[in-house]
Structures are given as structure tokens and as C-alpha cells.
Amino acid sequence: MPALKVENLAKTFPLKKPLFGAARDGVRAVRPMSFEVAEGETLGVVGESGCGKSTLARMLVGLLEPSEGHIEIAGKALDNADPAAFGKLIQYVFQDPNSSLNPRKSIRQIIEAPLKRLYRMNRAERAARISEVFASVNLRDEFLDRYPHEFSGGQAQRIGIARALAANPRIIVLDEPVSALDVSVQAQVLNLLADLRAQFGLTYLFITHDLAVVEAVSDRIVVLYFGAVVELGRAERIFAAPRHPYTSLLAQSAPVVGRALTAPEQKDSELPDPLNPPPGCAFAGRCPRATDLCRATDPPLEQMGEDQFAACHHPLED
Amino acid sequence: MGSYILKRLVSAIPVLLGITVIVFGIMSLIPGDPATAILGAYATPDNVEKLNRDLGLDKPAMQRYFIWLGNMIQGDFGRSYSLNRPVLDEVLERFNATLILAGTSFVLCAVLGILAGVVSAARQYGWADKLITFTVLIGISVPAFFLGMMMILLFAVNLRWLPVSGMYAIYGGGDLPDLLNHLIMPALALSAVATGVVARLSRSAMLEVLRQDYIRTARAKGVPERRVIMGHALRAAMVSIIPVLGIQAGFVLSGAVYIEIVFQWPGVGRMLVDAILKRDLLLVQGGVVFVAACYVMFNIAVDVAQSLLDPRIKT
Amino acid sequence: MTQFLKLLFRNRLAGFGAVVLSVILLLVLLTPILPLQNPDTTATADRFLKPFTPGHPLGTDHLGRDLLSRLLWGTRLSLAVGISAALIAATIGSAIGIVAGYFGGRTDNVIMRGVDMLMAFPYILLALAIVAALGPGLMNALIAVAAVNVPFFARNIRGVTVSLAGREFIDAARLAGMGHARIILTELLPNVLPVIVIAMSTTVGWMILETAGLSFLGLGSQPPQADLGSMLGEARSALITHPHTSVVPGLMIFLIVMSINLLGDGVRDALDPRLRSGALSRPRATTLVERQGEIPPASDDLLAIQDLHTQFHVGKRIYRAVGGVSLAVKPGECLGVIGESGSGKSVTALSVMGLVASPPGVITGGAVRFQGEDLVGAPYETLRQKRGDRVAYIFQDPLSTLHPLYRVGEQLAEAIQSHHKISSKDARTRAIALLKDVRIPNAESRIDNYPHEMSGGMRQRVGIAMALANEPDVIIADEPTTALDVTVQAQILSLLDDLRRDRGLAIVFITHDFGVVAQLCDRVAVMYAGRIVEEGPTGAVLDAPAHPYTKRLIACVPELGGGRRELAAIPGLPPVVDDLPPGCAFAPRCDKARDDCRAGDIPLDGTAPRAVRCLYAEEAV
């Protein structure tokens with residue numbers, strides 16, 4: 001049984017009906033997508049701004065109600081967007097660690113909240129659990145009575161991770177957990193996350209825009225473009241041997257020491273207009289391999305090779 | 001642009017309707033028999049009954065509201081019992097005087113306030129800033145009616161520079177110089193608070209804007225400092241100043257009530273206060289709805305000005 | 001709390017307001033037990049007595065009533081009514097605002113439509129209508145004043161709530177299983193409360209004025225009971241003959257409102273965190289220069305930063321953001337400056353043309369020489385003529401660095417016209433050519449766009465075009481691609497690379513990304529805690545880093561193609577630059593550090609072009 005199963009999950013944000021004229025279609029932030037995450041696996045989700053990765057994350061933890069589709073966590077259907085029901089199974093680590101901690105609450109109050117509300121623990125149980133969690137993220141107990149502004153970004157992110165862990169979830173959604181941190185601190189947090197996963201058998205959904213980071217932490221990676229999955233595959237293969245031209249473009253664009261500077265694309269580099277989406281493949285306007293077929297019909301996600309999937313009419317060969 | 005104005009005008013319709021509902025709702029709070037309240041305690045039972053019939057006051061509130069609204073849309077605001085003339089005629093006449101007074105004060109507060117705010121921000125912590133900040137503090141702390149009274153004492157009674165009150169001299173006069181002569185004191189007294197508020201806001205808006213990255217960009221490309229302040233910074237600051245001008249117009253209009261009393265200015269504010277004291281409720285209702293409607297229209301003009309300045313507002 | 005009071009009274013005007021208000025409050029509280037005459041006892045024989053008459057220190061009014069007694073009782077009434085009105089308005093208005101802002105959507109829409117409706121009235125019309133319906137009287141005036149101020153609080157608090165409700169800690173609270181009521185009470189309210197207090201302290205004076213105003217019109221307190229407004233109203237008819245009866249209550253209103261306003265401003269300043277750090281002061285046109293020590297001699301580099309010291313003076317604290325940095329670039333060369341946040345790389349870049357915001361920034365030492373001429377401390381006009389003309393900047397976030405209200409063409413033309421007397425038509429032609437140079441498609445139509453109508457990549461191209469406008473000798477690029485997506489970043493970098501090769505531009509490129517440095521820069525300087533710890537040709541530094549910091553920083557950044565792995569993290573945190581350790585700033589995090597690393601200043605040493613600031617370097621340089 002997969003830890004997380006998503007079937008045809010989609011989100012459309014409705015547009016306000018204009019004063020004159022007919023109601024418009026909404027903005028499709030996430031197009032129907034399906035995937036599974038195995039127990040103990042780390043699934044990387046990568047894409048550029050506006051690709052729908054944060055919308056996806058917010059649906060998975062119940063902060064946003066899906067427009068269509070189903071979410072199943074550990075065999076339990078959850079798609080009513082009730083964070084309290086999701087909370088024991090799936091938790092969320094936010095991008096901006098400082099903004100995710102209430103500035104007027106002590107760290108103890110912050111970490112206690114899920115224990116009180118989700119588990120109705122008494123004071124002694126809470127104290128024991130908090131010590132346990134704090135030890136596992138390498139923070140000292142004396143921090144508990146301080147306030148968020150006293151902590152650096154890296155420490156605040158550990159506190160955010162501790163809060164997520166406290167709820168004892170099976171899955172943690174990590175939404176750009178290190179992109180607000182300095183590089184020397186990033187590595188500390190990434191290593192901590194890896195240790196925690198091994199220690200507690202956690203399943204991660206790791207969302208980021210940083211290809212190198214996602215490759216370093218994931219088992220499998222999903223590449224999103226314009227709200228849809230364009231490619232899915234093993235982390236060690238997907239950027240080395242991409243099938244979808246967009247994945248290939250991403251991999252070539254990442255600055256790498258020892259590789260000469262190339263601009264892999266000189267065509268119009270804009271994302272399609274979400275208010276006026278193109279009929280066929282969303283990437284066709286930027287794609288060197290695009291044909292009339294691509295501009296007419298949206299390619300489905302198909303298996304290519306052993307465990308790689310891509311949504312492309314003209315995939316790249318090995 | 002044209003479609004934006006049209007859109008705003010259309011969106012004003014529910015606001016105008018809302019205003020009539022609120023006014024009607026407040027007026028229906030009047031305890032006891034509305035006709036007695038309108039005609040006053042000394043009305044004869046005959047008159048009360050007649051009025052009840054005329055106004056349909058024996059009908060349910062909902063129906064009464066629509067009758068009142070329908071009449072207003074046709075230009076019939078009812079008849080003032082204390083003045084014995086149509087409410088609309090009286091309101092229009094009085095509103096003209098108020099417009100002269102409040103309009104002058106509004107222009108004064110906008111021009112002086114923005115100017116003072118910009119100078120104050122550009123010379124932060126300098127003597128000009130301190131002087132302006134001090135004057136502004138006095139300006140926003142003194143009640144307009146008290147300021148008006150003190151001005152009368154000083155400029156009209158002691159120095160005899162300006163007339164004590166009224167809009168025109170009783171003998172002779174009636175021309176523009178006469179009007180201006182009578183206008184100076186009330187207009188200044190009325191604009192004091194609003195000028196202070198606009199000046200304070202302009203100062204903080206300028207300071208806020210001057211810290212923005214695009215000001216650094218302007219400096220980095222070598223734009224002369226004068227143009228940085230008067231062009232880049234002021235233009236961006238106007239985005240937050242203009243809505244406040246809209247709100248201040250309401251305050252000026254409100255303050256006009258006091259000033260009209262102090263200076264015996266024959267405006268709509270004095271009319272309303274008299275009408276309340278005489279319990280001439282149709283006149284109150286009509287006056288309030290009319291002035292509020294004008295203010296709504298003014299605010300649409302403010303929004304249009306804002307959209308001309310700021311391209312980020314969808315037109 | 002004590003910190004709040006300290007902040008409050010550091011503002012002398014607020015202290016003055018507090019003192020005046022306390023005296024008035026004390027007098028008013030003591031009024032019932034003070035030996036005063038009955039305020040309502042009339043004595044027609046003693047009408048209009050002047051102040052300082054024996055038995056009547058402030059004189060009497062038109063009915064011969066003692067003015068002092070009436071003043072104090074009236075003040076008592078006015079304050080009580082004004083403050084009650086403020087409390088009522090704040091409570092109801094804030095509750096409405098929080099509910100609307102937190103729930104958003106339809107709830108918000110309906111509530112705010114209603115509030116807008118109320119705000120569509122000039123406030124006095126609403127107050128007059130309420131008084132007209134309820135009848136004149138002080139209680140009704142109180143209700144009217146409170147009611148017209150409810151929309152003000154609702155709108156204000158809603159705005160704050162909306163921005164707070166979008167913060168991630170609210171989402172976190174929901175995931176912790178909290179219900180809406182609990183989130184509003186325990187997560188939102190504590191954060192909104194300061195704003196409510198600020199709004200109240202800045203409006204309570206206004207509400208006292210309002211109630212006095214209604215009484216002045218005869219619609220508030222009814223005789224014989226008097227508040228300050230009705231005292232003034234009754235005295236008006238005798239204004240010309242007996243002015244003291246008007247002046248006494250009028251001055252009292254003025255004193256109360258002024259002291260409340262002063263105190264309110266103080267409260268606002270003390271509670272507003274932005275003001276606490278002194279951030280709301282206006283940055284000067286150029287960075288303040290207070291140079292100590294000798295000025296380094298001229299060099300023949302195109303641009304040379306020599307032993308630059310830039311500090312931030314915040315209160316009593318001194319942050320040494322740049323602590324002695326020397327860098328130089330030659331024509332056609334690209335110099336990378338790499339470091340983490342707080343390393344001083346951006347401050348170094350901004351110091352060159354005096355663009356560090358001051359206050360709080362101060363350049364305290366060293367020189368910046370352009371073709372030998374010292375720019376630090378140069379007169380404003382000299383600096384201005386060089387800015388954008390000889391040395392141009394590209395900044396990080398093109399959305400915030402372009403002016404939102406000017407078309408991009410106007411901004412480009414302005415960059416040219418600030419330095420060259422050319423017609424607007426020629427400037428526009430040139431601007432179109434510049435947009436083409438940076439490969440913006442449809443330049444002729446794009447030139448009339450506003451920045452918000454462009455994508456991030458296009459905006460940054462405009463930023464680059466603006467930097468190129470006057471064909472400068474040096475471009476300083478401060479993290480120009482950090483805010484961009486990776487595919488766009490690649491395009492911008494290759495554009496910059498082409499431009500410098502075609503035009504012989506010198507580029508100083510500030511970044512935190514080794515990949516970017518490796519692809520673009522000829523030489524690189526690594527900064528840590530305000531100083532350069534290592535420099536040299538890019539290849540040499542990246543292949544054989546000599547400083548332990550450089551080596552470990554490179555090791556802890558994952559690189560594409562490296563596969564899944566444990567990363568070599570650096571323990572600890574970068575130091576805060578207001579409290580630097582003696583010796584090497586990296587020593588506390590370095591596993592090679594010995595006692596002498598922590599002892600004294602360590603020089604930047606090596607054979608040009610390589611240099612390293614380390615006693616136990618990884619490589620000999």
C-alpha cells in the first residue's frame with residue numbers, strides 16, 4: 001500500500017465574473033495529476049515559479065480544497081480539506097521559517113499546539129514528547145521558552161521541522177525547506193532531514209526549484225510545468241537522461257561548475273498565459289521539437305523506459 | 001478608461017441604494033408615531049392623519065421605503081414643514097454655498113498639505129521639518145469651531161481686517177471680491193485639520209517611498225536628486241496620498257457643519273442642524289441622502305484619478 | 001512592557017503629552033472631592049465675571065456659574081464620553097475587521113460592502129442622522145460618534161488581519177488541529193492587538209473632538225449638564241463681548257487633544273517595529289562618509305576598491321558590514337564576489353557609488369577609485385555624473401527596482417537624459433535600440449509597457465538595458481539572477497557574458513552561487529564576515545580552494561549530477577558583524593583552527609593573483 005496516492009487531483013481557481021460578458025473559465029493551477037509515493041520514499045517535486053507546486057502541496061495537507069480528484073493517505077481517503085483530519089497523517093514544513101512561527105508565542109507553545117489539539121495529551125505527556133522531538137532535531141531544551149525572533153533562519157527551520165514531527169505524521173511535505181537559508185546552513189538542514197527520515201521511517205514530498213538539491217535528496221522526481229506532470233522518473237536518471245525536452249532544458253540551464261555557459265534556448269521563454277492556455281502541449285511554444293501535433297493535442301503521461309514516464313509526443317531518446 | 005469610469009458608475013448604484021437604506025433604517029429608529037415625530041409634538045391630530053396618509057406611513061416599512069425611493073428618483077424629496085417649501089429646492093440652494101466653502105478648503109488642504117509633507121520629508125529632521133511638524137500638531141489638535149471663533153476675535157473684532165460672518169455683506173457687496181473677503185476665514189479654519197492630516201500622511205508616504213529599491217535605482221542611474229524627490233518619489237507617494245484626499249474631502253464636508261454655524265454661512269450643514277432641532281425629519285433625510293450621494297460621486301472621481309496615476313489598477 | 005515605556009519616553013514630545021494628560025486626568029478624577037462650587041448654581045448678579053476674580057479663579061459664565069468648576073466637571077464628562085466612544089468603536093470595529101479579514105471570501109465581501117456603505121457618508125451626516133432619529137442628548141451623541149468610527153476600525157484591522165492571515169503560521173496552526181475560534185483568539189489577536197492600540201491612541205483625541213462638536217451644535221449634552229463642547233456652544237453668543245468664556249473651554253479641548261495626539265504618536269512609534277529600528281528615516285542622496293585613517297594612494301586600475309570600511313550605526317550598535325575590502329577590475333574583466341548573506345558583498349558593491357542607505361550606513365575608511373579619482377567623499381554632483389554613466393548597476397529583484405508608475409521606455413530615456421542633452425525623440429529611439437540589444441522581442445511595442453506587465457526575465461533585461469544606456473565602463477551586478485527561474489537565469493547570464501565580450505565591459509558580479517561564478521567570472525573573491533578570505537582566478541579557487549571556508553562551502557553545495565549523497569555541512573552559523581571575534585572570523589566553525597587563529601589580525605597573503613587569509617591554508621598560494 002502506498003503511503004500517499006493521488007488520483008486526478010486538480011485545482012481550478014475561479015475567476016470573478018466580469019460585470020459585462022460571460023463568466024470565464026478559472027485558472028487551472030494544477031491540472032489533473034496522479035502519482036503514488038511509497039512508504040519511506042522521498043518524492044522530489046521540481047518546477048519553476050507558477051508551475052503549481054505550492055498549490056499541490058497545500059491540497060495534500062488539507063489547506064486547500066481540491067476541485068477534482070482524490071487523495072489517499074495510508075489507504076485512507078482524505079479530500080475534505082480538513083487540516084485537523086490530515087494533521088496526524090501528513091504535516092507540512094514551510095518555506096519561510098520565520099513567517100511560519102507566530103512571533104508572539106514561545107517555542108514551547110508552538111510545538112505544544114499539535115500535541116494538545118490533535119492528540120489531547122496531558123502536560124506530562126507533552127513535556128516528554130517535546131523533549132524527544134527536540135532532541136531528534138538537535139536543539140537544546142532551553143530554547144523552548146524563547147521566542148521566534150531570537151533564532152536564526154536555520155534554527156527556526158529546525159523548530160518548524162520539530163513542530164511537524166511532534167504530530168507524529170507518516171508523511172511530511174517539505175515546501176522549499178532550505179531555499180530561504182544560506183548555503184552553509186542548507187546542508188545542515190538537508191542532512192538532518194535525511195537522518196530523521198531514516199530514524200522514523202518517514203515519507204517525504206520534497207518540493208523545490210533547485211535541481212541539484214532535489215537530485216541529492218530524492219528517490220524519484222516529478223517535473224511539473226504549467227500545472228501538469230511532464231516527467232516522472234528515478235532521481236539519478238531523470239536529469240542525466242531526460243525524456244521530456246523541458247526536463248532537458250532545466251538540466252542544461254542549471255549552472256554547473258566546469259560546464260561552459262550556454263543559453264540552451266533563445267526562443268520566447270515565457271510561460272503560457274494561465275488565463276488563456278494553449279490548446280496542445282503547454283511547452284510547445286518553447287520547445288525545439290514541437291510539431292503541429294504538439295500544438296493541437298496535449299500529450300498524456302506515458303511510460304518510457306523502465307521506470308520513467310513523460311508527457312511528450314516527441315520524447316528525447318536515451 | 002471610459003469603460004473603467006462606466007464600471008465605477010455602475011458600481012455606485014448599490015452604494016447609493018445602500019445609503020438610502022441606511023438613512024431610512026436610522027430614521028425608522030424614531031420612537032413612537034413617525035408622523036408626530038415629523039410634524040412635532042404640537043401638530044393637530046388632523047394634520048398627523050393627513051401626513052400619515054400622504055406619506056403612506058400607515059403602510060409597512062418595506063412599502064414605505066420603496067415609495068420614498070421612487071419619489072426621490074423622480075426628484076421629489078418631499079416637503080419641508082418648517083420652511084414650507086420642497087426639500088430639494090432648499091437643499092440645492094444651501095448646497096451651493098457649502099460647495100463654495102468646502103471646495104475652497106479642500107483645494108487648500110490638498111495643495112498646502114502635500115507641499116508641507118514633501119518639504120518635511122525631504123528635509124527630515126531639519127528646521128523646516130520641525131516647524132512644519134509643530135504647526136501640523138497644533139492644526140490637528142484644535143477644534144475647527146474653536147479655531148474659527150478665535151479667528152473672528154483676532155481678525156474681525158480686534159484687527160477689523162475681515163468681516164465677522166455671513167457670505168455676503170448685507171449692504172452693497174454681492175460680487176466676487178465681497179464673497180472672497182467673507183470666504184477667507186471660514187475656508188482657512190475649515191482646512192486646518194485636513195491640511196494637518198494630509199501633511200502628516202504625505203510626509204510618511206514620502207519617507208516610505210524614499211526607502212524603496214526603485215529610488216535607489218533612480219539614484220544609481222544618476223538622476224538628479226531634485227528629480228528623484230519631486231518626480232520618482234512624489235509620484236509614487238501620490239498613490240497613497242490620493243485615497244486620503246478622498247477621505248479628507250468627507251472630513252472637510254463634515255467640518256463645514258461647525259464652520260457654517262460659527263460664521264453664519266448659509267450652507268447645508270447649518271440647515272441640517274436647524275432641521276434636527278426643529279425635528280423637520282424630511283429635510284434631514286433629504287439633505288443627508290443628497291450630500292452623501294454627491295460625496296459618492298466625488299469618490300468615484302478620486303478613484304478615476306487614482307487609476308490614471310497607477311497603471312497597476314485594472315482599467 | 002518596561003521596554004515599551006522606555007521607548008515611549010525616549011520620545012520627549014510623547015513624554016510631554018503623557019505629563020499633560022496625567023495632570024488633566026488627575027484633576028478630573030479629583031474633581032468630586034475638590035472644594036469647588038456647584039457647577040450648576042446660577043447667580044445672575046455675578047454674570048461674566050473676569051478671570052482671577054476672588055472666588056472665581058476663571059471667572060463666571062452668562063448665568064454667573066463658576067467657570068473653573070464647570071470646566072473640570074465638563075472635562076470629566078467629555079473625557080468619559082470620548083474614551084467610551086473610542087472603546088466601543090474599537091471593540092466592535094476590530095471584531096468585524098478580524099472576522100472579515102480572517103474568513104475572507106464571501107463573508108469578507110458582504111461585511112466590507114456594508115462598511116464601504118457606511119464610509120460613503122461624510123461621517124457627520126451619519127452622526128447627524130443618528131442624533132436626529134434618537135434625539136439630542138449626550139448618550140445619543142456617544143452612540144453616534146462610536147457608530148461612525150466603527151467602519152474606520154473595521155477597515156483598518158481587516159487590512160492587518162488579511163496580511164497576517166496569509167502568513168504561514170496561521171496555516172501551521174490549522175495543521176496543528178486548531179479551530180477557527182482558537183486561531184482568531186490565540187494566533188491572530190495577539191498580533192493584531194498592537195495595531196488596535198495604535199489605531200485607538202491615534203483616534204481617541206479625534207473622538208473627543210467629535211463629541212465636543214456635537215455638543216457644540218446643541219445635539220449632545222443638554223443643559224444644565226455641560227461638557228466642553230456645550231460650554232463652548234453656549235459661550236459663542238458672548239464671544240465678542242466676553243471672550244474668556246469661550247477661550248477657557250476651547251483651550252481645554254485643545255490641550256486634551258494635543259496631549260493625546262502626542263502620546264498617541266509616541267505609542268505608535270514605540271509599537272511599530274519598523275520605526276524601532278530607525279528604518280523610517282530618509283536615505284540621503286549619497287552615503288555618509290566619516291573617514292578615519294589615511295586615504296590609500298591612487299592606483300591605475302579602472303575601478304579599485306581600496307581597504308574599504310562600511311559600517312551601519314544602529315543606536316549604539318556598530319555593524320562592521322565591510323571591514324577592509326580591496327578589489328580591482330580591468331576593462332573586459334569579470335570579477336565575481338561570492339559570499340553568504342551578511343558577508344558584506346552587497347554593501348561593498350553599493351559603497352562604490354555611495355548608494356548604501358544612510359542612515360544607518362557610514363563609510364568609515366578606505367577609498368573607491370575610478371580611473372584614479374577617489375569617489376568616497378566626492379561632492380554629490382561628481383558622484384551623480386559618474387552614476388549610471390561610467391559605473392552602472394544591475395540589481396537583484398527587477399520588480400522592486402524598476403519604478404512601478406513609469407513606462408520602461410521612460411525609465412530608459414531618463415537614464416540617458418540624466419547624462420546627455422538629447423531630445424525625447426532621440427532618447428526613445430535609443431531606448432528601443434537598447435531593448436533590442438538585450439534581445440527583447442517586439443522592442444517597439446514593449447517600450448510602452450509598465451514593469452508589472454512584463455515577466456521577471458523581461459524586467460531584468462530592462463534592468464540590464466538601463467545599465468547599458470550610457471555605455472558605462474563598469475557594471476556592478478548585485479545578484480541579478482537570484483530572483484529568476486533557472487531557465488531564465490541561463491539566458492540572462494549568457495546575455496551578460498556576450499555583452500562584456502562585445503563591449504569590453506568590466507563586470508563586478510555579486511552572487512552566492514558557485515555554479516554562476518564558474519561559468520561567468522574570470523576571477524573570484526570569497527567574502528566572509530565583511531572581509532575577503534580568498535581570491536584568485538576562478539578555476540584556481542574552485543579547483544584548489546586554499547581557505548578552509550571556501551573549501552567547505554564548495555563541498556556543502558550539492559551539484560547537479562552528483563546523485564544522492566550525504567552533504568558535508570559546516571557546523572555553526574556565520575558571525576554577526578557587530579560582535580566579531582578577534583582573529584579569523586571563521587575560526588569558531590573551523591576544525592583546523594588553533595589558538596593563534598583566534599589571536600590577532602590575519603593578513604590576506606599570497607602571490608598575485610592568488611591570495612588567502614589563513615594561517616593554515618589548505619593549499620600554498
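Predicted model: local features only at pLDDT ≥ 70, side-chain atom pairs only at ≥ 80, totals over all residues.

Let us begin with chain A, where the centres of domain 1 and domain 2, taken over C-alpha atoms, are separated by 27 Å. Domain 1 of chain A covers residues 1-207 and domain 2 of chain A covers 219-318, and such bounds come from an automatic or database domain assignment. Residues are numbered from 1 along each chain as its sequence is written, and chains are lettered from A and ligands numbered from 1 in the order in which they are written.

Where the two domains of chain A meet, 18 residues of domain 1 of chain A and 17 residues of domain 2 of chain A take part in the contact, and two residues are in contact if their C-beta atoms, placed from the backbone, lie within 7 Å. On the side of domain 1 of chain A that touches domain 2 of chain A, the elements giving two or more residues are strand S2 (27-37) and S3 of chain A; here helices (H or I, at least four residues) and strands (E, at least two) are DSSP runs, numbered from the N terminus. S2(A) contributes the largest share of that side, with seven residues. By class, that side of domain 1 of chain A has nine nonpolar, five polar and four charged residues, where Ala, Val, Leu, Ile, Met, Phe, Trp, Tyr, Cys and Pro count as nonpolar, Asp, Glu, Lys and Arg as charged, and the others, Gly among them, as polar.

Of the 318 residues of chain A, 48% count as buried, and a residue is buried if 20 or more other C-beta atoms lie within 10 Å of its own, exposed if 12 or fewer, and partly exposed in between, with C-beta atoms placed from the backbone.

In what order do the strands of the open sheet of eight strands in chain A lie? The order is S6-S7-S8-S3-S9-S10-S12-S11, with mixed pairing, and two strands pair if DSSP finds at least two bridges between them. Strand S6 (90-93) and strand S11 (302-303) of chain A are the edge strands, each pairing on one side only. S6(A) pairs with strand S7 (residues 171-175) of chain A in the parallel sense over four bridges, and Val93(A) has Leu174(A) in S7(A) as its bridge partner.

Now to the neighbouring chains. The contact between chain A and chain C takes 62 residues from chain A and 55 residues from chain C. On the chain A side, H6(A) gives the most, with seven residues, and that side divides into 34 nonpolar, 16 polar and 12 charged residues.

Chain C also meets chain B, with 64 residues of chain C in contact with 62 residues of chain B. H5(C) gives the most to the chain C side of this contact, with 10 residues, and the side is made up of 42 nonpolar, 14 polar and eight charged residues. As for chain B, there are 12 helices and two strands in it, and 43% of its 315 residues count as buried.

I will finish with one residue of chain C, His313(C), whose place is in strand S2 (residues 303-314) of chain C. Is His313(C) buried or partly exposed? His313(C) is partly exposed, because 17 other C-beta atoms lie within 10 Å. Not counting residues up to four places away in sequence, His313(C) touches Ile318(C), Pro360(C) and Val362(C). His313(C) and Asp578(C) are 265 residues apart in sequence, yet they are 9.7 Å apart in space, C-alpha to C-alpha.
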